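Visitor: Hi! I'm new to this one, could you walk me through it?
Guide: Happy to. Let's bring it up first.

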Amino acid sequence: PKWGESNHKAREPDWVVEAARALREQGWSYTRIARKLEVSWHTVRDWVDYRTRTGSTTYRTLTRWGGKR
């Protein structure tokens, strides 16, 4: 399967997803990030919570088994 921006359904490049995650770690709200990146807050939430775009990192696998990023 194709992951991240190489997937045919991806609308944003990987750097946008990673930027959203970095901003969230800095304490930005979903709404503020969404306005900055011009996407919906639902999209930001899904990226940040690894509901979508999970292939760009192994975070979900690591945290599921108690590891750290």
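**A pair in helix H1**

Guide: Arg21 and Glu18 sit three residues apart in helix H1, so about one helical turn separates them. Their side chains meet in a salt bridge, 3.3 Å from N to O; the term means a side-chain nitrogen of Lys or Arg within 4 Å of a carboxyl oxygen of Asp or Glu. Helices here are DSSP runs of H or I with at least four residues, numbered from the N terminus.

Visitor: Before we go on, what kind of model is this?
Guide: This is a predicted model, where local features need pLDDT of at least 70 and side-chain atom pairs count only at pLDDT 80 or more, while totals for chains, interfaces and linings use all residues. Residues are numbered from 1 along each chain as its sequence is written, and side-chain values use heavy atoms, leaving out hydrogens and water.

Visitor: Back to that pair. Is Arg21 buried or exposed?
Guide: Arg21 is buried, with a relative accessible area of 4%, and Glu18 is partly exposed at 33%. Buried means under 20% relative accessible area, exposed over 50%, and partly exposed in between, using a 1.4 Å probe and protein chains only.

Visitor: How many salt bridges does the structure hold?
Guide: Two. Asp46 counts as buried, at 19% relative accessibility.

Visitor: Which residues of helix H3 are buried?
Guide: H3 covers residues 41–48, and Val44, Arg45, Asp46, Trp47 and Val48 are its buried ones. They pack against helix H1 (14–25) and helix H2 (30–37).

Visitor: What does Val44 touch?
Guide: Leaving aside residues up to four places away in sequence, Val44 touches Tyr30, Ile33, Ala34 and Val39. Contact means heavy atoms within 4.5 Å.

Visitor: New topic: at what angle do H1 and H2 cross?
Guide: Roughly 145 degrees, and their axes come within 10 Å. Those axes are lines fitted to C-alpha atoms over the stretch in contact, and angles run from 0 to 180 degrees between N-to-C directions. On the H1 side, Val16, Ala20, Leu23 and Arg24 make the contact, and on the H2 side Tyr30, Ile33 and Leu37 do.

Visitor: And which residues touch the most other members of the largest nonpolar core?
Guide: Of its 13 residues, those are Ala20, Ile33, Leu37, Val39, Val44 and Trp47. H1, H2 and H3 are the elements that give two or more residues to this core. Such a core is a set of buried Ala, Val, Leu, Ile, Met, Phe, Trp, Tyr and Cys residues joined through side-chain atoms within 4.5 Å.
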